[in-house]
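Visitor: Hi, could you walk me through this structure slowly? I am still new to reading models.
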Amino acid sequence: MLVVEDERELSADIVELIKPICETTTAFDGEQGEFLASQGVFDAIILDLMLPGESGLDLLLHIRNQEIKTPVLILTAKDTIADKLRGFNDGADDYVTKPFHREELLARVKALLKRTGYLNSTNVISLGQLEINTSKHLATFKGEPLILKGREFDLLAYLVANPGTIITKEQIFNRLWGFDSETSLSVVEVYMSNLRKELKNAGSDLSLRTIRNAGYIVEAPDEQ
């Protein structure tokens, strides 16, 4: 989750609150927030409206114009009906006003992540005969566990959670290794190659295709 909030103490409190359910990246101004949000690698965004440099509403409009569909929860002191309507009209998925109750914000975040499929009652995502249990960090094909090393599990989970969607090498790198990582981008190709071998060894007919000059896409056999 991306948290865009210029008050650093409040940002740290939000990160601590949602840490049990998801990892977070923080931004403290509108430009930085827009740069990170436009990468399209987050499951949800918590967005303040009154930010230095660029307002939260401008950020929201810009990413929606880029067709970035990441769910956005606005968290702001602007509490009039007109403010809320504008937020929703500009593309927000939820709106919480400051000051807020910690329990309510956590509940809203969980609800948002459940709607996007990141959280569900079983913490299991599946594609064809492949199942991934994110809470147990376990991937199985036809009930048999896959032996995945390093970030192979996270890579497979990311792809399976977005079936039929082209995901760029940069998106994979930024999500799994982070924007500040000094690791080479070529590590994605290495992990994709290893993941294909592991799936083939398991007898999986799941398709992990490379789309030239675009990225990667995962499909179940009946969707090819």
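Guide: What follows is a short talk about the domains and the aromatic rings.

Guide: This is a predicted model, in which local features need pLDDT of at least 70 and side-chain atom pairs count only at pLDDT 80 or more, while totals for chains, interfaces and linings use all residues. Residues are numbered from 1 along each chain as its sequence is written, and side-chain values use heavy atoms, with hydrogens and water left out.

Visitor: OK, what domains does the assignment of the chain give?

Guide: It gives domain 1, covering 2-116, and domain 2, covering 124-219; such bounds come from an automatic or database domain assignment. Taken over C-alpha atoms, the centres of domain 1 and domain 2 are 27 Å apart.

Visitor: And how many residues from domain 1 and domain 2 does the contact take?

Guide: Domain 1 brings seven residues and domain 2 brings five, where contact means heavy atoms within 4.5 Å.

Visitor: What area is buried between domain 1 and domain 2?

Guide: About 530 Å² is buried there, with carbon and sulfur atoms giving 54% of it; buried area is the accessible area (1.4 Å probe) that two parts lose on being put together, summed over both. In domain 1, the residues that lose the most area to domain 2 are Gln39, Val41 and Asp43, which together make up 71% of what that side buries.

Visitor: Which residue forms a salt bridge with Asp43?

Guide: Arg175 does, and the closest N and O atoms of Asp43 and Arg175 are 2.8 Å apart. A salt bridge is a side-chain nitrogen of Lys or Arg within 4 Å of a carboxyl oxygen of Asp or Glu, and the count between domain 1 and domain 2 is one.

Visitor: Changing topic, how many aromatic pairs does the structure hold?

Guide: It holds three aromatic pairs, and rings of Phe, Tyr and Trp (its six-membered ring) pair if their centres lie within 6.5 Å, with planes under 30 degrees apart counted as stacked, over 60 as edge-to-face and the rest as tilted. One of them is the tilted pair of Phe88 and Tyr95, at 6.2 Å centre to centre and 40° between the planes.
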